[in-house]
Amino acid sequence: MSINNSLKITRLFEPRTVAVIGASSNPNKIGYTIVKNIVQGGYSGHVYPVNPKGGKILELPIYQTIDEIEGEIDVATIAIPAPFVFDVVKACAAKGVKYLSIITSGFSEVGNTEEEKQIVTYAREHGMGVLGPNIFGIYSAAVSLDATFGPGKIMAGNVAIITQSGALGIAMIGKTATEKIGLSAIVSVGNKADVDEADLLDYLTYHDGTKVILMYIEGIKQGEKFIKALKEATQKKPVVVIKSGRSKRGAVAAASHTGSLAGTDEIFDAIMRQCGVLRAESLDDAFSWAKFLADTPMPDGENTVIVTNGGGIGVMATDACEKYNVKLYDDLHTLKQIFSPVTPDFGSTKNPVDITGQAAPNDYNSALGAGLKNNEISSMIALYCETAVFDADSLSRMIKTNYANYQAGQKPIVFSILGGEAVENSITTLRKEGVPIFADVYEAVSCLGAAYKWRSYLQDYTEEVDTTAMDINAIEQIAQNALQDGRTFLLADEAQQLMAVAGLPMPQSHVAHSLDEAVRLAEKIGYPVVMKVVSRDILHKSDAGGVALDLDNKEEIIDAYQAIIQNCRAYNPQAVIQGIEVSEMVKSGTEVILGARKDGAFGPIVMFGLGGIYVEVMKDVAFRAAPLNRSEIVSMIKEIKSYPLLLGVRGEARKDIESIIDTLVKLATLIRQSKSITDIEINPLMVYEQGDGTKAVDVRVLVSNVEKGNPNG
Ligand code: COA
């Protein structure tokens with residue numbers, strides 16, 4: 001987003017003035033609730049209720065029209081029925097309003113797309129941005145503005161929420177209140193007719209008061225723009241995403257594996273990982289992570305230690321660490337040095353450190369204190385199973401003290417405690433006080449896992465994009481020729497030409513019309529070669545004896561040429577033989593499939609998988625959005641389950657993974673730079689041993705004149 005747009009979106013989050021159109025003195029109406037929330041929320045700017053009836057609402061004078069208001073209006077919140085919205089939008093334009101927040105439902109979500117488009121076009125033409133329609137509004141702590149019809153009393157804090165679902169958003173406001181999660185903003189995007197998540201990220205990414213961004217997404221409209229904004233955001237702060245709904249866009253009319261192999265959700269998932277987003281499966285996880293990440297210092301290393309008073313719960317935590325990629329400190333010598341002074345002889349100083357069921361609050365204090373002091377340990381998981389040694393009060397005190405110490409020492413700690421009613425009550429109370437404490441070990445560990453995931457993303461991140469130089473005009477020409485011929489696919493020879501221009505030569509192949517020519521061609525291509533009859537009258541070439549493989553020298557060419565002619569004459573004496581095709585013999589290797597396509601939702605994406613049954617049956621493929629760099633490609637290749645086959649199993653040599661990466665860089669370059677290519681799929685690409693390269697055996701290319709996956713598409 002340009003600086004101008006960034007400045008502009010600031011006006012949506014930090015308006016100096018807000019008009020509420022449809023402000024009603026009837027407390028049952030949405031227009032009333034919005035004014036009430038703005039007033040009770042303590043908005044630092046000026047609010048102007050607007051209603052043709054005039055009068056007063058909550059001591060504020062009501063303006064009959066927006067143009068009666070003196071001075072500028074930054075945001076107009078519109079809460080009147082759909083048929084009247086457009087007229088009001090025109091009045092807002094005349095007034096020079098900067099943003100419209102259209103609460104009203106009854107537009108594209110119910111098929112009334114035309115009117116929504118008219119409104120947005122008109123607004124844009126008059127320099128107004130549109131939030132919504134079909135939203136609950138916007139809350140922004142920066143100016144204490146609650147211009148929503150939510151339950152009010154939003155607690156200010158440092159988590160920002162963007163939600164596509166209004167109803168869920170309102171429920172989230174309630175949930176954040178009970179969970180004591182303070183919000184820096186909550187914005188409903190509704191139909192996303194104009195302002196979308198990416199625009200909002202442009203503000204929230206650079207908003208100092210926002211530490212974590214949480215997004216609820218149902219579908220993506222402008223994937224490329226979104227991906228760019230997300231990558232920028234995750235450089236600055238953690239972004240947690242919950243996505244529901246499986247859009248069919250990507251799968252519809254998918255003519256290639258790249259389009260049909262995975263549901264859009266799998267592509268979404270892959271792209272979120274690529275962007276460093278923390279994807280949560282449930283609202284509970286999303287809230288726990290957001291709260292934890294907003295409040296807790298980031299770990300400065302990878303060594304986590306579990307302290308427990310029970311073996312079982314320690315094992316569960318170990319499993320959870322494996323699940324969420326939390327690395328347990330395993331230097332037994334140092335662990336012993338640190339923890340033996342605080343562990344009974346019958347306990348264990350291995351990780352989990354078991355201070356045993358007889359551990360009293362002081363024992364926890366000593367063990368957790370030792371962990372806090374040691375610089376080798378970067379984070380702590382504290383577990384407690386209810387015992388008779390503790391009463392609930394001392395348990396709560398011990399946890400609060402240690403949490404405060406860890407916060408002061410800038411080291412993350414999570415707690416999981418298990419027990420009866422008293423323990424449950426402690427959890428409720430401590431959570432309200434902001435302590436990351438859970439009954440479920442997995443929930444506790446998942447919070448740490450989220451922190452480590454973001455940390456490792458940042459460590460691996462590079463802004464680099466890898467591309468290959470290629471003559472894209474020549475490629476476009478090939479595609480345009482096919483389109484002018486009325487085709488949306490390339491013929492075999494066109495596809496071969498295209499591949500050659502892209503630096504991905506396919507097996508050479510030429511048609512010989514005489515024995516001499518066959519020998520010349522074979523020598524030009526290089527032995528071994530394959531020969532095949534070329535005849536419209538012979539469909540099943542092998543059955544007719546029209547194919548000869550693995551020909552190694554001139555003599556074999558002469559014999560095979562004559563044999564093919566004789567066999568085919570005998571097979572079908574009437575057949576017209578156009579010639580004999582002489583092709584490079586492709587050595588067999590490990591077959592992989594590579595694809596690139598312009599996805600309707602996500603823009604250019606690339607795909608990788610192992611060929612044969614791995615792709616057909618197991619759908620073992622991985623996706624990434626382009627542009628991308630080599631390390632992103634490496635992570636994509638490693639992601640498939642059959643990756644060990646490329647490393648070489650059972651004494652086989654490692655395959656030429658570098659060459660696969662090169663090929664994917666070329667495909668990514670091609671799909672991004674070519675306007676007309678919509679899909680390209682190499683299947684199979686033969687991969688040889690390391691150093692011996694790869695060979696594209698077959699390729700399929702689809703072309704179109706309609707630009708797909710573009711930001712306005
Ligand atoms: N300018 C200003 N005020 C106007 C107006 C105009 N051009 N036209 C009408 N009004 C006033 C009305 O007179 C009324 O005030 P009153 O109570 O003093 O009579 C007020 O605006 C609201 O209009 P009303 O016709 O009573 O509508 P409503 O309040 O029943 O419904 C919406 C309006 C926007 C709430 C409704 O159309 C809607 O879309 N509801 C769904 C909202 C929603 O769920 N959004 C998504 C959330 S996630």
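Predicted model: local features only at pLDDT ≥ 70, side-chain atom pairs only at ≥ 80, totals over all residues.
Reader: Which residue of E22 is the bridge partner of Val529?

Author: Strand E21 (residues 529-534) and E22 run antiparallel and are joined by three bridges. Across from Val529, the bridge partner in E22 is Leu551.

Reader: What is the omega of the cis peptide bond that joins Tyr527 and Pro528?

Author: Most peptide bonds are trans. The bond from Tyr527 to Pro528 is cis, with an omega of about -5 degrees.

Reader: Where is Pro352, which a cis peptide bond joins to Asn351?

Author: The cis bond between Asn351 and Pro352 has an omega of about 0 degrees. As for its place, Pro352 is in the loop between helix H12 (332-339) and strand E16 (353-354).

Reader: Is Thr356 buried or exposed?

Author: Thr356 lies in the loop between E16 and H13. Its phi is positive, about 70 degrees, although Thr356 is not a glycine. Because its relative accessibility is 8%, and buried means under 20%, Thr356 counts as buried.

Reader: And how does Leu58 count at 35% relative accessibility?

Author: Leu58 is not a glycine either, yet it has a positive phi of about 45 degrees. Its loop runs between strand E3 (56-57) and strand E4 (60-61). Since 35% falls between the cut-offs of 20% and 50%, Leu58 counts as partly exposed.

Reader: How are H13 and H14 oriented to each other, roughly parallel or roughly antiparallel?

Author: The axes of helix H13 (residues 361-373) and helix H14 (residues 392-408) come within 10 Å and cross at roughly 10 degrees. Angles under 35 degrees count as roughly parallel. Therefore H13 and H14 are roughly parallel.

Reader: How many charged residues does the contact of H13 with H14 have?

Author: H13 passes H14 in a right-handed crossing. Among the residues in contact are Tyr364 and Leu368 of H13, and Met398 and Tyr406 of H14. By class, the contact has six nonpolar and six polar residues, while the number of charged ones is none.

Reader: And how many charged residues does the contact of H6 with H7 have?

Author: Helix H6 (residues 197-204) and helix H7 (residues 223-236) cross at roughly 20 degrees, their axes coming within 9 Å. That crossing is left-handed. Contact residues include Glu197 and Asp199 of H6 and Lys225 of H7. Six nonpolar residues and no polar ones take part, and the charged residues number three.

Reader: Which residue in E18 stands opposite Ile381?

Author: Strand E17 (residues 379-385) runs parallel to E18, with six bridges joining them. Strand E18 (residues 413-418) is mostly covered, with five of its six residues buried. Opposite Ile381 stands Val414.

How values were computed
Residues numbered from 1 in each chain as written. Heavy atoms only, no water. Axes fitted to C-alpha atoms, helices over the stretch in contact; angles between N-to-C directions. Helix = DSSP H or I, 4+ residues; strand = E, 2+ residues; numbered from the N terminus. Parallel < 35°, antiparallel > 145°, perpendicular 65-115°, else oblique. Left-handed = near helix turned anticlockwise from the far one by under 90°. Contact = heavy atoms within 4.5 Å. Nonpolar A, V, L, I, M, F, W, Y, C, P; charged D, E, K, R; others polar. Pairing = 2+ DSSP bridges. Buried < 20%, exposed > 50% of the residue type's maximum accessible area, 1.4 Å probe, protein only.
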